[in-house]
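Please look over the model below before reading on.

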Amino acid sequence: MTIGSVRPLLGVMGASGLVPGHVLRRAGLPSDLFDRADDAPLRLSDYFRICEQMALQGGDESCHVSLRPLMVGTSELVQARLRGCATMAEVMEILANSYNIIHGHRYNQVQRRGGLISYAIDDADFPYAFDPGDAFVLLSLECLLVYVHVLLLSLAPAGEPIPLRAIRTRGPGTSRGHLAFLGAPIRASVGLFGLDYEAALATMGVAAAQSPVLSARTIYGGVADMLDRLGPIAPTGPDLIGRVERELAGGRHDQAEVASALGMSVASLRRRLGDAGLPFRDVRARYLNSVAQAALEDGNSIADIAESLGFSDGRSFARAFRQWNGVAPGDYRRTHS
């Protein structure tokens, strides 16, 4: 489950004035991730985590794709409406209606034809901040399809399959690996984006309480969590440490919460991190320090940084920062700003 290139992400970060290394740190990813070759694959879940941080740091949940920004908090409104749904058809209708209201136009549609029910996105008149054929625009819209399908997967009662029959996209027929994992034929270079399901999906019940997409800080982060649940968890080594850091980035700072999100007991997580040579408290400290350094370099106040990282006050944060780096936060900011 990967996307084929990091170049579209770098381009939109540059256009929106975001610092790539700081976005990556907040996402729990290596700050040098973008130093790889442009065509190096990126995990799809990590793409969504990067988008979450772009939205939070840039103050726009459209990730600057739209000329009409979406305020941070838009996800919460959509999530709240979806929690009351009883069937998959209702989920699709509420989702489409919510985003149409937010964007002020009927871009999203639920279509019924023959033996299919489809979620379609017709973006012909959408106010893009970039050319409609831009690589990041196409990637963003195709990942909206991933979001819709992963949302439905997260809501399905245990063991119930989601009968996806076809995927439609304006994008070209090459390098669509981020769609291929959905396991359905891809119809490329058509006039809109869409997911075609068997009509039986419409009456399937939903289990809203179990959905990580509906309980996350943003929908981007919820989709990332769900994608990680669909993929295998590396039992030991750097991959496990990376997974723990991404859970920390998602706001889970307690070891029990992280272990639960990774589908293991606290004892198992402790043992496997011990085998990797880095106890949980050290992984957590390394992550918090990396984020704190980036925030200080951006000029954020010590009080704001302390609050965002879960410290009780600025003094306790300053004490921890001095232990990590040997200098006070203010001194670090003066030498790195």
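1. A cavity, on a 1 Å grid over the protein atoms alone, is a set of points where a 1.4 Å probe fits but cannot get out. A pocket is an open set with protein on both sides within 12 Å along at least five of seven lines. Lining residues have an atom within 4 Å of a point. Grid points are joined across faces, edges and corners, and a volume is the space filled by probe spheres set on the points.

2. The model is predicted: local features need pLDDT of at least 70, side-chain atom pairs count only at pLDDT 80 or more, and totals for chains, interfaces and linings use all residues. Numbering runs from 1 along each chain as its sequence is written, and side-chain values use heavy atoms, with hydrogens and water left out.

3. There are 2 cavities of 30 Å³ or more. Helices α9 and α10 (237–249) each supply at least two lining residues. The largest share, 3 residues, comes from α9. Elements here are DSSP runs numbered from the N terminus: helices are H or I of at least four residues, strands E of at least two.

4. The largest cavity has a volume of about 570 Å³. It is lined by 31 residues, and E61, Y99, H103, L144 and Y220 lie nearest its centre. The elements giving two or more residues to this lining are α3 (44–58), α4 (74–82), α5 (88–103), β4 (116–121), α6 (135–155) and α9 (219–230). Helix α6 gives the largest share, 7 residues.

5. Which residues lie nearest the centre of the second largest pocket? They are R26, Q53, R217, V291 and S308, out of 18 lining residues. The pocket holds about 310 Å³ of space. At least two lining residues each come from α2 (20–26), α3, α10 and α13. Helix α13 gives the most, with 4 residues. The lining divides into 8 nonpolar, 7 polar and 3 charged residues.

6. Helix α13 (280–297) also packs against another helix. Its axis comes within 11 Å of the axis of α15 (314–325), and the two cross at roughly 105°. That makes α13 roughly perpendicular to α15 (65 to 115 degrees counts as roughly perpendicular). Axes are lines fitted to C-alpha atoms over the stretch in contact, and angles run from 0 to 180 degrees between N-to-C directions. A285, L288, N289, A292, Q293 and L296 of α13 meet F317, F321, W324 and N325 of α15 (contact: heavy atoms within 4.5 Å). This contact has 7 nonpolar, 3 polar and no charged residues.

7. The structure holds 18 salt bridges (a side-chain nitrogen of Lys or Arg within 4 Å of a carboxyl oxygen of Asp or Glu). One of them pairs R113 with D196, the closest N and O atoms being 3.3 Å apart. It links distant parts of the chain: R113 is in strand β3 (108–113) and D196 in strand β7 (193–198), 83 residues apart.

8. Two backbone points to check. H64, in the loop between α3 and α4, has phi near 70°, a positive value in a residue other than glycine. S189, in the loop between β6 (186–187) and β7, has a positive phi near 55° and is likewise not glycine.

Conventions
Parallel < 35°, antiparallel > 145°, perpendicular 65-115°, else oblique. Nonpolar A, V, L, I, M, F, W, Y, C, P; charged D, E, K, R; others polar.
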